[in-house]
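Open the model in your viewer and keep the selection panel at hand. The stops below say what to select next and what is there.

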Amino acid sequence: MRVIAGSARRLLLKTVEGMETRPTTDRIKETLFNIIQNDLYGCVFLDLFAGSGAIGIEALSRGAKRAVFIDNGNRQISCIRDNLRTTKLEEKAEVMASDVFSGLSFLSAKGRSFDFIFMDPPYDHMLEKQVLEALRDSSLVHEDTRIIVEASLNTDFSWAAPMGYQILRSKEYKTSKHVFLARKTKEPYL
């Protein structure tokens, strides 16, 4: 796994050993960032269930101003910190060793907000729904925040609209998909 583009281009990233994480492949990561590239420069990025930190690091490499990484595994936190050192992006990053919900509560209490919120929770546990419930009335999400969920292909998002979210786009791959959401006031993002 490597950084695809930007200031840390081509640098190799460590991954977390074992079955606890599923690193996003370089090809899928490249597709994702081709979709959001034009809005990354100067943004504040939140990477939930961060694993190796590859998504947030890619955002920083491509011009994001800051990124916050949240994961609760010791090996994941160590891997994220190692990858930030390798890419020399430590100064733009904040790494939180916390479960996602405690991390969101802490960030909300600090009055933080984000332009992009990316999450790659364990598949088929409905954690994405729980996170979106936690974000629904949160100050972490502003009018232009884009939320991106990496999920299994069979994950149903029919609950998103009644919860107050609009699905802006969905991009399917062989075994997973990215679903782009925003609060309902947002125009479709193509």
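A residue is called buried when its relative accessible area is under 20%, exposed when over 50%, and partly exposed in between (1.4 Å probe, protein chains only). Helices (H or I, at least four residues) and strands (E, at least two) are DSSP runs, numbered from the N terminus.

This is a predicted model, in which local features need pLDDT of at least 70 and side-chain atom pairs count only at pLDDT 80 or more, while totals for chains, interfaces and linings use all residues. Residues are numbered from 1 along each chain as its sequence is written, and side-chain values use heavy atoms, with hydrogens and water left out.

**Helix α4**

Select residues 100-109, which make up helix α4; its buried residues are V100, G103, L104 and L107. Look down the axis of α4: these buried residues fall within an arc of 100° (taken from the directions from the helix axis to the C-beta atoms), so they line one face of the helix. They pack against β1, β2, β3, β4 and α5 (127-135).

Go to the start of α4, where a side-chain oxygen of D99 comes within 3.0 Å of the backbone nitrogen of F101. After α4 comes G111, with a positive phi near 75°.

**The sheet**

Now show the strands. Seven of them form an open sheet with mixed pairing, in the order β3-β2-β1-β4-β5-β7-β6. Two strands pair if DSSP finds at least two bridges between them. β3 (93-97) and β6 (165-172) are the edge strands, each pairing on one side only. From one strand to the next, the twist averages 15°.

Select β6 together with β7 (residues 176-183): the two pair in the antiparallel sense over seven bridges. E172 stands opposite K177 in β7.

Next, select helix α1 (residues 26-36), which packs on the sheet and touches β1 (44-48), β4 (114-119), β5 (141-152), β6 and β7. The direction of α1 makes about 25° with that of β7; axes are lines fitted to C-alpha atoms, for helices over the stretch in contact, and angles run from 0 to 180 degrees between N-to-C directions.

Helix α2 (residues 54-61) also packs on the sheet, touching β1, β2 (66-71), β3 and β4, and its direction makes about 175° with that of β2.

**E150**

Last, select E150 in strand β5. Is E150 buried or exposed? E150 is buried, with a relative accessible area of 3%. Contact means heavy atoms within 4.5 Å. Leaving aside neighbours within four places in sequence, the residues in contact with E150 include T24, F118, D120, Y123 and H178. The side chains of E150 and H178 are joined by a polar contact of 2.9 Å. A polar contact is a pair of N or O atoms within 3.5 Å; within protein, one must be able to donate a hydrogen and the other to accept it, and residues adjacent in sequence count only if both atoms are side-chain atoms.
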